[in-house]
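Have the viewer open as you read.

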Amino acid sequence: MQETVKEVAGITMTACFMLCYVPQIIKIYKNRFSKGLSLSLVLMSICGYVSGLVYMFMTEFGIWWFLNYCSGLIMCCILVHAWFKYRN
């Protein structure tokens with residue numbers, strides 16, 4: 001039971017953190033406009049995700065933490081690309 005709760009929590013955490021970026025990414029690419037997106041927030045998120053990965057590898061590896069940090073990092077990189085592509 002405890003293992004099932006742990007897995008469901010890991011899946012939910014990863015999905016939520018990954019999907020929270022999707023509406024912003026869609027909005028920027030659809031409107032071709034990135035004004036209002038805080039680049040400093042995205043860059044700080046990237047720093048946090050990289051630090052989380054380093055910490056995780058130096059302590060205890062967890063698949064859901066790994067997927068969370070990697071997917072968040074990828075989404076943030078997409079947002080940085082969109083910011084530079086559509087900044088006006």
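How many helices and how many strands are there in the protein? There are 4 helices and 0 strands, counted as DSSP runs numbered from the N terminus (H or I, at least four residues, for helices; E, at least two, for strands). Along the sequence that reads α-α-α-α.

A word on ground rules: this is a predicted model, where local features need pLDDT of at least 70, side-chain atom pairs count only at pLDDT 80 or more, and totals for chains, interfaces and linings use all residues. Residues are numbered from 1 along each chain as its sequence is written, and side-chain values use heavy atoms, with hydrogens and water left out.

The C-alpha trace spans about 50 × 25 × 15 Å along its principal axes. Of the 88 residues, 33% are buried (under 20% relative accessible area, 1.4 Å probe, protein chains only).

Now for the helix pair. H2 and H4 pack with their axes 10 Å apart, at an angle of about 20°; axes are lines fitted to C-alpha atoms over the stretch in contact, and angles run from 0 to 180 degrees between N-to-C directions. That makes H2 roughly parallel to H4 (angles under 35 degrees).

Here is who touches whom, with contact meaning heavy atoms within 4.5 Å:

| Helix | Residue range | Contact residues |
|---|---|---|
| H2 | residues 22-31 | Val-22, Gln-24, Ile-25, Ile-28, Tyr-29 |
| H4 | residues 63-86 | Met-75, Ile-78, Leu-79, His-81, Ala-82, Tyr-86 |

Conventions: Parallel < 35°, antiparallel > 145°, perpendicular 65-115°, else oblique. Buried < 20%, exposed > 50% of the residue type's maximum accessible area, 1.4 Å probe, protein only.
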